[in-house]
Amino acid sequence: MHLEYFQMVDRITSVDLAAGQLSAQSTVPEKSPVFEGHFPGMPLVPGVLLIETMAQASGFLIMAANRFTAMPFLVGVKQGKLRTFVEPQTALDIVADLDHEGSGYAVSHASIKSDGKKICDCQLTFKTMPFPDDKFAAMIVGRGRELGMPGDFLPGS
Amino acid sequence: MSTFDKVADIISETSEIPREEITTESHTIDDLGIDSLDFLDIVFAIDKEFGIKIPMEAWTEEVNNGTASTEDYFVMKNLCTRIDELAAAKA
């Protein structure tokens, strides 16, 4: 997890398209420039970055479902609940569930737990659009591969 | 409840447009002023309600390339006809 680079997911641990679910894990770093401001002397992961973490897990789930033919962009957050503080070195278990894959959009709900305790959850809406160019698409596919996206869901499989 | 009533209720609940302002002749964009984000929520609610997948990408492409007008898809009575056709095709 590199908060300042918006790399929120460390690894994808499972993808089950029949169930419409992706699981992932991350560990909050001990140090980050983000903690210098949020907050001095009381480092906490900003809630917006927890939303972003759930959005990225959902995004990889949506791209697995469409075989990386289109990229989801977050356009809506509903019923977001940030239930507890998240401190450095916290291990996060992230689960994203695909509620609906529409034409040009998708809806998910996602949650994050740590030690079995729910930290946050929300419903997310994404607009899905073609990748702006092949280079960008290859970068996103490569990122998915690095995180452990099963090859079945990557292009060319 | 008719398709029109269901869709009008969805629009009213999603976009806070007074239900009585929505008629069969209303253009969802030009008359009701529904923006693209609210429209996504409305399409999601319609997809769920009717068990269909409104082909928004295909409709948008047809409008953009001039083979259809926005009225064909986004005037309420026409939208409801399309929804009925999609639901019938799925049944």
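Analyst: Let's start with a definition: a residue is buried under 20% relative accessible area, exposed over 50%, and partly exposed in between (1.4 Å probe, protein chains only). Before we use it, note that this is a predicted model: local features need pLDDT of at least 70, side-chain atom pairs count only at pLDDT 80 or more, and totals for chains, interfaces and linings use all residues. Residues are numbered from 1 along each chain as its sequence is written, chains are lettered from A and ligands numbered from 1 in the order in which they are written, and side-chain values use heavy atoms, with hydrogens and water left out.

User: How do I read backbone angles?

Analyst: Most residues other than glycine have a negative phi, and most peptide bonds are trans. Gln89(A) has a positive phi, near 70°. Phe68(A), in the loop between H2 and S3 of chain A, has a positive phi too, near 60°. Phe68(A) counts as buried because its relative accessibility is 5%.

User: And where is there a cis peptide bond?

Analyst: Look at the bond from His38(A) to Phe39(A): it is cis, with omega near -5°. Phe39(A) sits in the loop between helix H1 (33-37) and H2 of chain A.

User: How do I check a helix, say H3(A)?

Analyst: At the N-terminal end, Asp133(A) is the cap, with a side-chain oxygen 3.1 Å from the backbone nitrogen of Lys135(A). After H3(A) comes Gly148(A), with a positive phi near 100°.

User: Which residues of H3(A) are buried?

Analyst: First the general idea: an α-helix has 3.6 residues a turn, so residues three or four places apart point the same way. In H3(A), the buried ones include Ala137(A), Ile140(A), Val141(A) and Gly144(A). Among the elements covering the buried residues are strand S1 (11-16), helix H2 (47-65) and strand S3 (71-82) of chain A.

User: What does Lys81(A) touch?

Analyst: Contact means heavy atoms within 4.5 Å. Leaving aside neighbours within four places in sequence, Lys81(A) is in contact with Ile119(A), Cys120(A) and Asp121(A). Lys81(A) belongs to strand S3 of chain A, and its relative accessibility of 45% is why it counts as partly exposed.

User: How do I size up the meeting of the two chains?

Analyst: The size of an interface is often given as the accessible area lost when the parts come together. Twelve residues of chain B are in contact with twelve of chain A.

User: How many salt bridges cross it?

Analyst: A salt bridge needs a side-chain nitrogen of Lys or Arg within 4 Å of a carboxyl oxygen of Asp or Glu. The rule finds one across this interface. The side chains of Lys78(A) and Asp41(B) form a salt bridge, 2.9 Å from N to O. On the side of chain B that touches chain A, helices H2 (36-50) and H3 (56-64) of chain B each give two or more residues, and H2(B) gives the most, with six.

Terms used: Helix = DSSP H or I, 4+ residues; strand = E, 2+ residues; numbered from the N terminus. Polar contact = N/O pair within 3.5 Å; in protein donor to acceptor, adjacent residues only side chain to side chain.
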